[in-house]
Amino acid sequence: MNHAEKARDLFREGYNCAQSVAGAFHEEMGLSLSEATRLASSFGGGMGGLRETCGAVTGMFLVAGMLMGYDDPADYDGKKAHYARIRQLAEQFRQKHDTLVCRELLRSLPEKLQKDPQPRTEQYYKVRPCVRFVETAAELRAEDFAGVDTLGITAGASTPARII
């Protein structure tokens, strides 16, 4: 199963859009599914229901940061390269869906957007286009990781032993 399929299945299980994308990559990030979904839990609904940047997009950015981000504040070149990578990923998403903004992605919905999460019913899945956004965000390609020697996180004092 590829990452887009994993993300789709997680979304259909009830995880929010950001959790679905992060959860699809949890093994590559060196995290349990629970850790990845907790890390991304605030970003669903366009940042906690604010309907701003799509949660699938922020989930994609979170994954990119974990797998290809920089951690040295003095690494200007690393920061510059990473921001360029994020802009490239954003543009790929925008080319498919015209915007990165949750409320704009959902403008075709017949009902008013709610800030609080809605129950995941059959009707919810019939009208919500979010599964497409989750799949797109999880379609990170091998070339997106070009030049990456190690995937995962740097171990620090608080890193669980099972990750080290």
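Predicted model: local features only at pLDDT ≥ 70, side-chain atom pairs only at ≥ 80, totals over all residues.
Reader: Which residues in H5 meet which residues in H9?

Author: On the H5 side you'll find Ala56, Val57 and Met60, and they meet Phe133, Val134 and Ala137 of H9.

Reader: What makes the contact of H5 with H9 nonpolar, polar or charged?

Author: Check the residue types. Ala, Val, Met and Phe are among those that count as nonpolar. The contact of H5 with H9 has 6 nonpolar residues, no polar ones and no charged ones, so on that count the contact is nonpolar.

Reader: How do you know which residues have the most contacts inside the largest nonpolar core?

Author: The contacts inside the core point to Met29, Ala56, Met60, Phe93 and Phe133, in a core of 39 residues. Helices H1, H2, H3, H5, H6, H7 and H9 each supply at least two of the core's residues. H5 gives the largest share, 9 residues. In soluble globular proteins, nonpolar side chains tend to be buried together.

Reader: What is Phe93 in contact with, leaving aside its neighbours within four places in sequence?

Author: Quite a list! Phe93 is in contact with Cys54, Val57, Met60, Asp98, Thr99, Leu100, Leu105, Phe133, Thr136 and Ala137. Among these partners, Met60 and Phe133 also turn up where H5 meets H9.

Reader: Why does His26 count as buried?

Author: Buried means under 20% relative accessible area. His26 has 18% relative accessibility, so His26 counts as buried, even though His26 sits in the loop between H2 and H3. Beyond its neighbours within four places in sequence, His26 is in contact with Leu31, Ser32, Leu33 and Ala36. The C-alpha atoms of His26 and Met66 are 9.9 Å apart, and these two residues are 40 residues apart along the chain.

Reader: How many helices and strands does the protein come to?

Author: The protein has 9 helices and 0 strands. Of its 164 residues, 41% are buried. Among contacts with a separation of 6 or more, 65% join residues 24 or more positions apart.

Definitions and conventions
Residues numbered from 1 in each chain as written. Heavy atoms only, no water. Core = buried A, V, L, I, M, F, W, Y, C linked by side-chain atoms within 4.5 Å. Buried < 20%, exposed > 50% of the residue type's maximum accessible area, 1.4 Å probe, protein only. Helix = DSSP H or I, 4+ residues; strand = E, 2+ residues; numbered from the N terminus. Contact = heavy atoms within 4.5 Å.
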